[in-house]
Amino acid sequence: MAAVAAGFTNLGAKTNCRIELHDLRYNLDTPLDRPSCSQPTLNLRRRPSKISTSIRCVSGTVNTPAFVPPGSPSPSPYQPITLPLKPATTDSPCKSPKAAFARQRRQASPKWNLAQQVASAALDTCEDVFIRGMLEAQHALPKTTDPAVQISGNFAPVCELPVRHNLPVEGRIPPFISGVYVRNGANPLFEPVAGHHLFDGDGMVHAVTMRNGNASYACRFTETERLMQERAIGRPVFPKAIGELHGHSGIARLLLFYTRGLFGLIDHSRGMGVANAGLVYFNNRLLAMSEDDLPYHIQVKASGDLETVGRYDFGGQLKYPMIAHPKVDPVSRELFALSYDVLRRPYLRYFWLSSDGQMSTDLEIPLDQPTMIHDFAITENFVVIPDQQIVFKMQEMLRGGSPVVFDKNKTSRFGVLPKYATDASELKWVEVPECFCFHVWNAWEEPTTGEIVVIGSCMTPPDSVFNESAESLSSVLTEIRLDPASGKSTRRPIIPPSEKKMNLEAGMVNRNKLGRKTKYAYLSIAEPWPKVSGFAKVDLESGEVRKFIYGEGRYGSEPCFVPRIESSSKPAREDDGYILTFMHDEETGESKLLIVNATDMLLEASIKLPSRVPYGFHGTFISSCDLDSQA
């Protein structure tokens, strides 16, 4: 993951490098009416009829296959840059991608002295001739890092789009859906010059605001320190953790990166993360995250547009990166999180923050080697920490390989730790052999047995997302039972053998029930991998599956469950709510936001979007009341 590059960066954090950047902000003057926080309780249900419509996307439509043989040029129009270096006075469509890329290069004007200009030219030549022309040209790119595969079709990036109002709605937006759906994703600013993995792209947040039955849409880059510096320079200069940092060429790119820092051409001390994975709303702030950096604070404007406030360290309390999937307890409103380091001990830290953002003392979790921990779980009283078989071995780069390694000799295990533990001796490990859960959906305590029940998707081969494999990827929804008293575990596939096998990834449970026993999970049907052909509502007790399939040539994003607001007089059922998700039609190039009733899995409404929305990662819903209290 990108934490590899972040780990190397931390070694050179004391380098005294600075570069002058311009802080760009866009202010729009079309605020929406601020709704009352009282929510209507009418349950209006109208099924929209199917309408076939084609719209002109501002970024252009893409009618290309989503897979391209390695080594062949990508057929999709590349959208390399989107944000001008000076605030635009009028909105303009994203024109020819190549012309836009050339304009970005022309407008880049870093304020360097003569020595820095000479050094920059020399290092650029070194990169082009030695690294790209000699080291990287010797090896064909695998599919997992070939840009022609990773960002083709609707995985290709799009242009930034200021807010668009009064979007066409088919059907009726449920009255209690008042707020904004935001989804994160990878959207590279510049065309890759070498290897590129989907996870390497710059973070872009797509937002659909819904109020009083109306909808607006905007998409904006998260203005990370990395993105702003590369935009000012006019080319990609930060190493891509998965696409580029492997073998001898990866070592050469790291040396080039630090040499640029020594000359003051870049400043890696302010972070190098892409903030493209997770989103969480905590303590009146929307935070965008990837585990290679601090989170970034993003503000949803009254107009429905988005603005990056900046890198967020919780008032100077957080000194190290935070993983992309922190957990907010629905009762205490506290946030629980992890941070892992790929180079130096402690390899893993655990910490939590009170509902008002006060951080605990971090607790060092003893690990023998640096391990990828992308996700974890909480229960009412514990946190559940996976220590699995994907590890980081930097020495593999010296041997010409990837530092992200599937360690077949390691036995996977889960640690059970009291939420408010003050010493690592309170941690109890339970072995779960041959188990790799990239994502964990929920966990809870079984009081009758003393077990901890974990719901996750077990992926094989464990490293198939990062390294090319002849074996097809499989992601099986699984119930894992941990017995901290005996140190033993059991696990079972939740979907019965009578059901057709399906890859279930990327989803959630009712977030009001997180850490407590849940009956349902809402998960992406990740087929054909890595596309998502629909989503499933899974009964975690019986294994019954109800599917919502997008249709021929249509694929989408993970489902986001929005629970109905409960009242003291009438508690809501667990599945009483709606599922929001983006869907893209690869034939017409049209993208929509779908609103599906979670109870009966029938479509309630769809919102036509003014631009193509690429396939992305994780999202969340923020209510209008929460938006009113943003920091």
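Threonine 460 stands opposite serine 474, a residue of strand E22. Strands here are DSSP runs of E with at least two residues, helices are runs of H or I with at least four, and both are numbered from the N terminus. The model is predicted: local features need pLDDT of at least 70, side-chain atom pairs count only at pLDDT 80 or more, and totals for chains, interfaces and linings use all residues. Residues are numbered from 1 along each chain as its sequence is written, and side-chain values use heavy atoms, with hydrogens and water left out.

**Strand E21 and its partners**

Strands pair if DSSP finds at least two bridges between them. E21 and strand E22 (residues 474-483) are antiparallel, paired over 9 bridges. E21 also pairs with strand E20 (residues 437-446), again in the antiparallel sense, over 8 bridges. Here tryptophan 444 has valine 453 in E21 as its bridge partner. The hairpin of E20 and E21 has 4 residues between the strands, and glycine 450 takes a positive phi near 80 degrees there.

Is E21 enclosed or open? Of the 10 residues of strand E21 (residues 451-460), 9 are buried, so the strand is largely enclosed by the rest of the structure. Buried means under 20% relative accessible area, exposed means over 50%, and partly exposed lies in between (1.4 Å probe, protein chains only).

**The histidine cluster**

An unreviewed UniProt entry places the feature "binding site" at His325, His374, His439 and His618. These residues are spread over 294 residues of sequence, yet they cluster in space, with a largest C-alpha distance of 12.8 Å. UniProt positions follow the numbering used here, feature names are shortened, and annotations may be inferred rather than shown by experiment.

Histidine 325 lies in the loop between strand E9 (306-311) and strand E10 (327-328). Contact means heavy atoms within 4.5 Å. Not counting residues up to four places away in sequence, histidine 325 touches His374, Asp375, Phe376, His439 and His618. Its side chain makes a polar contact with the side chain of histidine 374 at 3.1 Å. A polar contact is a pair of N or O atoms within 3.5 Å; within protein, one must be able to donate a hydrogen and the other to accept it, and residues adjacent in sequence count only if both atoms are side-chain atoms.

Histidine 439 belongs to strand E20. Leaving aside neighbours within four places in sequence, its contacts include His325, His374, Glu505 and His618.

| Residue | Relative accessible area | Class |
|---|---|---|
| Histidine 325 | 10% | buried |
| Histidine 439 | 4% | buried |
| Glycine 487 | 27% | partly exposed |

Glycine 487 sits in the loop between E22 and strand E23 (488-493). Beyond its neighbours within four places in sequence, glycine 487 contacts Trp429, Val430 and Glu431. Its C-alpha atom is 10.0 Å from that of glycine 415, 72 residues apart along the chain.

An open sheet of 4 strands runs in the order E14-E15-E18-E19, with antiparallel pairing. Its edge strands, E14 (377-378) and E19 (428-431), each pair on one side only. Strands E15 (residues 382-387) and E18 (residues 413-418) run antiparallel and are joined by 6 bridges. Valine 383 has leucine 417 in E18 as its bridge partner.

**Helix H6**

The buried residues of H6 include Leu254, Leu256, Phe257 and Tyr258. Glycine 264 follows H6 and has a positive phi, near 75 degrees.
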